[in-house]
Amino acid sequence: MYKAGERGSIFGSQIFGIMLEIEKAKKSSFYTLVLYEDGKKVYIHSKYDPIKEAFSKVSGVPRSDVYIVFGLGLGYHILELRKRFSDSEILVFEPSLHIY
């Protein structure tokens, strides 16, 4: 783990050999999750506006009683599903125990 502010992030840690960072998004007051794969940044959410991205991804989802989501990230897509479909069940499967 290293201090907030190093490398432009608010949080950074290496867990089970995977480097994780949380960075402030470039065009919003929210944050994005970054993984490093082969030394390259992989953004789990939009690095510009993760809320807008979540809204965009969920806006085309049809109504259902149950949603099964693979991957939690920082949960923006889950919050958007909950806003749109408040009476539906949402099951989240996170394959990475170090993220959960």
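Among contacts between residues at least 6 apart in sequence, 24% join residues at least 24 apart. The model behind this figure is predicted. Its pLDDT averages 84, and 79% of the residues score at least 70. Over residues 1-6 the pLDDT is below 50, although this stretch has 13 contacts in the model beyond near neighbours in sequence. The protein has 100 residues, of which 35% count as buried.

Two helices and six strands make up the list of elements. Read from the N terminus, their order is β-β-β-β-α-β-α-β.

A place to start is strand β3, which holds Leu 35. Leu 35 has a relative accessibility of 19%, and because buried means under 20%, this residue counts as buried. Leu 20 is 15 residues away from Leu 35 in sequence, yet the two C-alpha atoms are 4.8 Å apart in space. Leu 20 is also one of the residues that Leu 35 touches, with those up to four places away in sequence not counted; the others are Ile 18, Met 19, Lys 40, Lys 41, Val 42 and Ile 44.

The loops on the two sides of β3 each hold a residue to look at. Ser 28 is found in the loop between β2 (18-24) and β3 (31-37). Is Ser 28 buried or exposed? Its relative accessible area is 13%, so Ser 28 is buried. The side chain of Ser 28 reaches the backbone nitrogen of Phe 30 at 3.3 Å. Leaving aside neighbours within four places in sequence, Ser 28 is in contact with Tyr 48, Asp 49 and Pro 50.

Asp 38 is in the other loop, between β3 and β4 (40-43). With a relative accessible area of 76%, Asp 38 is exposed. Its phi is positive, at about 55 degrees, although Asp 38 is not a glycine.

The largest nonpolar core consists of seven residues: Val 58, Tyr 67, Val 69, Ile 78, Leu 81, Phe 85 and Ile 90. At least two residues of this core come from each of β5 (66-70) and α2 (76-84). Tyr 67, a member of the core, has contacts with Val 61, Pro 62, Leu 81, Phe 85, Ser 88, Glu 89, Ile 90 and Leu 91 when neighbours within four places in sequence are left aside.

Which residues of α2 are buried? They are Tyr 76, Ile 78, Glu 80 and Leu 81. An α-helix has 3.6 residues a turn, so residues three or four places apart point the same way. The buried residues of α2 pack against β3, α1 (50-59), β5 and β6 (89-93).

Rolling a probe the size of a water molecule over the atoms shows where empty space is left. The largest pocket has a volume of about 400 Å³. It is lined by 23 residues, and the closest to its centre are Ile 44, His 45, Gly 71, Leu 72 and Gly 73. The elements that give two or more residues to this lining are β3, α1 and α2.

Conventions:
Residues are numbered from 1 along each chain as its sequence is written. This is a predicted model: local features need pLDDT of at least 70, side-chain atom pairs count only at pLDDT 80 or more; totals for chains, interfaces and linings use all residues. Side-chain values use heavy atoms; hydrogens and water are left out. Helices (H or I, at least four residues) and strands (E, at least two) are DSSP runs, numbered from the N terminus. Buried means under 20% relative accessible area, exposed over 50%, partly exposed in between (1.4 Å probe, protein chains only). A polar contact is a pair of N or O atoms within 3.5 Å; within protein, one must be able to donate a hydrogen and the other to accept it, and residues adjacent in sequence count only if both atoms are side-chain atoms. Contact means heavy atoms within 4.5 Å. A nonpolar core is a set of buried Ala, Val, Leu, Ile, Met, Phe, Trp, Tyr and Cys residues joined through side-chain atoms within 4.5 Å. pLDDT is the predictor's confidence in each residue, from 0 to 100. On a 1 Å grid over the protein atoms alone, a cavity is a set of points where a 1.4 Å probe fits but cannot get out, and a pocket is an open set with protein on both sides within 12 Å along at least five of seven lines; lining residues have an atom within 4 Å of a point. Grid points are joined across faces, edges and corners, and a volume is the space filled by probe spheres set on the points.
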